[in-house]
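Hi everyone, thanks for coming along.

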Amino acid sequence: MTKEPIWITGAGVNVPHGVTVAEVADGLLAGRSAIHRIDHFDVSNHPCQIGSRLTTFPKPDGWEGDFASLIPVEQVAIWCIVSALKNAGLWESRHNLRIGLAFSSAGEFGLHWERMGHMNPDIPACELAYDQRPLIAFLKQNLGLTGPSATLSTACSSGNYALAQAKRWLELGWCDAVVAGAADLTLTPLVLAGFGNLRALSRLNDDPQGASRPFDKNRDGFVMGEGGTAFVLEPASKAKARSAVPLGELMSVGLSSDAYHPVIPAPNPVQAIAAVQKALTEARLDASAVHYVNAHGTATPVGDTAEAKGLREIFGENYRNIPVSSTKSMSGHLITAASAFEALACLITFERQAIPPTINLREIDPECDLCHVPLTAREGRVDVAISNSFGFGGSNSCAVFRRV
Amino acid sequence: MEAPASLPTVVNLAPGVPVRVAAVGRVICPVSEIPSLRAPLQQFFGDKISVSILKQADELTLFSLAALRSAIIQYGITKEQQAGWGVAANPCLPGRNRMKDSLEKYHAQGAWSVSPHYIPHCLLHSLSGLLSQALGINGPNMGIGGVPGTQEDVCLGMASWIAGGDVTGGWMVWANWRDDISTGPNAIGEAFVVGVESANERSSPGETGWKAISRLIPEAATP
């Protein structure tokens, strides 16, 4: 196994904040919320009636197939992957390379069944005969990628797990480059109702842009969002050889499981801490070297408290000096696509040398005492950033990125 | 109990990633017999998962838990042995029946009728998460594949974890409906689990990944 640095040389994104990295950076650093009242289906009897919905589905130049007839998650995935490959300078040469694909889209069939069920109530629901094609096989074939591939899901931490797989595949020499990322469009009637009935979502329906309040004393749950993000990763030597410009280095991804409950994070965050410590150990970094933490920070009462407790333990007395923010306050929670998007937020801090804020953080919960970046962005040196993501099923993860 | 002689000691999970096979288990179960699965599962995993979680779990999860129980008992896998293990699980198209019911209820009764259990129990991540909870192991758990024709993905995922030092071993799990039919009392579900550990042996030539692993599927299945 090679242990040379793994660089991120391309990124593609489609989220409500924008369809380019620059648009997303501008939106996050301006502290702009993308959350609105849901108006594409009747939410009058839903406990949560707000979300960060994707409405733009651009077709990438160079995509030769039919685009309009694709389902939305396919359109988003294609935009992100093609954009990332172009950004990395590998779009034209992709057929000559062994490029892998590690991508997350947890509910691809569930969402398809639901979409069909609402659109065509006259045909039997969820019948085998009406199943769609699997996403990954379609993407590989139509994008001409020939390396190993997998769809994977660890719920909210899926993007970090995809990055972890990509890193290992490259270290094992299985491919020349890997596209890793996630896309999910889960603002559907059943998913909104399911999370709402779990009591996981905010009910601040009269103030959509103020509803996502990670670490705030008055937080009352998360707000769902949609979108996708993809990255191109490759060994530094290969990137250097073709003079590629790195967006950052993926130093490590630490993984662990709570083994506690399908939904509720362990109140004693031993395993979440273990994931962060594994990541720092593999990156050979002391916790004091971290300049920014993109928190999981969903705004659930239990989750935020546990994460803050874990961060205080990891950083020790130094916790008052290491800036922490949750971009979910602006983007909403992109569910399966969340940690891929938040990895991009970390890379943006390198490029802009500024930290996006946790908006709506007006009254910090004393149990969530950290070095918060409330309300407005903060300029400052960022060379090392970490992104925490903890998913249903107790899947913990922490990705470490370094400015190159 | 020692592994049967027919169980190969070492297989190649991926090119350059040999693993030692520690246990295998297989369950084939018609829908009509699902209620009888729950009691032994509750007895075996009861200190880690509650009756209500077993009640809400997807059918593919129950089949997988039963296969896991069978493998653990037959091959004497201990908690200590699994301390550094992870779980990579491939439930094929989970949640179809539950989605059908949910759609019907939603159209008839609205948002309040939707079960809060669909998302935790019927998506790609659900099976691996619940298995790691049932086993009480803290290595990574991951849903992988999730659609027909993705058996290899599990081998790929576990191989990268083992080779990368993320785990010392792990459970690989495949669960599916026979003939892709998941509804009606005659529907039959199946789960196959393999426990593997990192091996120091050099990789031997021959079959790799799912091709090698699928040779381990026992002809006999419980219950």
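Let's start with one pair: Lys217(A) and Glu363(A), whose side chains meet in a salt bridge, with 3.8 Å from N to O. By salt bridge I mean a side-chain nitrogen of Lys or Arg within 4 Å of a carboxyl oxygen of Asp or Glu. Lys217(A) sits in the loop between α6 and β7 of chain A, and Glu363(A) in the loop between β11 (354–355) and β12 (371–372) of chain A, so this pair ties together parts that are 146 residues apart in sequence. The helices (H or I, at least four residues) and strands (E, at least two) that I name are DSSP runs, numbered from the N terminus. Searching the whole structure gives 26 salt bridges over all chains.

Before we go on, a word on how to read this. The model is predicted, so to speak of local features we need pLDDT of at least 70, and side-chain atom pairs count only at pLDDT 80 or more, while totals for chains, interfaces and linings use all residues. Residues are numbered from 1 along each chain as its sequence is written, chains are lettered from A and ligands numbered from 1 in the order in which they are written, and side-chain values use heavy atoms, leaving out hydrogens and water.

Now, how is chain A divided? The domain assignment gives domain 1 (6–241) and domain 2 (251–402); such bounds come from an automatic or database assignment. The contact between them takes 65 residues from domain 1 of chain A and 67 residues from domain 2 of chain A, where contact means heavy atoms within 4.5 Å. Their C-alpha centres lie 20 Å apart.

Together the two domains of chain A bury about 4,900 Å², with 66% of it on carbon and sulfur atoms. Buried area is the accessible area (1.4 Å probe) that two parts lose on being put together, summed over both. How many salt bridges cross this interface? The rule finds 6. A salt bridge also joins Arg168(A) and Glu282(A), with the closest N and O atoms 2.9 Å apart. On the domain 1 side of chain A, α5(A) gives the largest share, 9 residues. By class, that side has 30 nonpolar, 23 polar and 12 charged residues. Here Ala, Val, Leu, Ile, Met, Phe, Trp, Tyr, Cys and Pro count as nonpolar, Asp, Glu, Lys and Arg as charged, and the others, Gly among them, as polar.

Next, chain A against chain B. This contact takes 58 residues from chain A and 54 residues from chain B, and the two chains bury about 4,400 Å² between them, 65% of it on carbon and sulfur atoms. There are 2 salt bridges between the chains. Asp131(A) pairs with Arg96(B) in a salt bridge, the closest N and O atoms being 2.7 Å apart. The side of chain A that touches chain B has 30 nonpolar, 20 polar and 8 charged residues.

Strands meet here too: 2 bridges join β5(A) to strand β4 (residues 141–144) of chain B, and they run antiparallel. Strands pair if DSSP finds at least two bridges between them. Look for Leu152(A), which stands opposite Ile144(B) in β4(B).

One last stop, in chain B. Gln56(B) lies in helix α2 (residues 51–56). Leaving aside residues up to four places away in sequence, Gln56(B) touches Arg98(B), His117(B) and His121(B). The C-alpha atoms of Gln56(B) and Cys122(B) are separated by 9.4 Å, with the two residues 66 apart along the chain.
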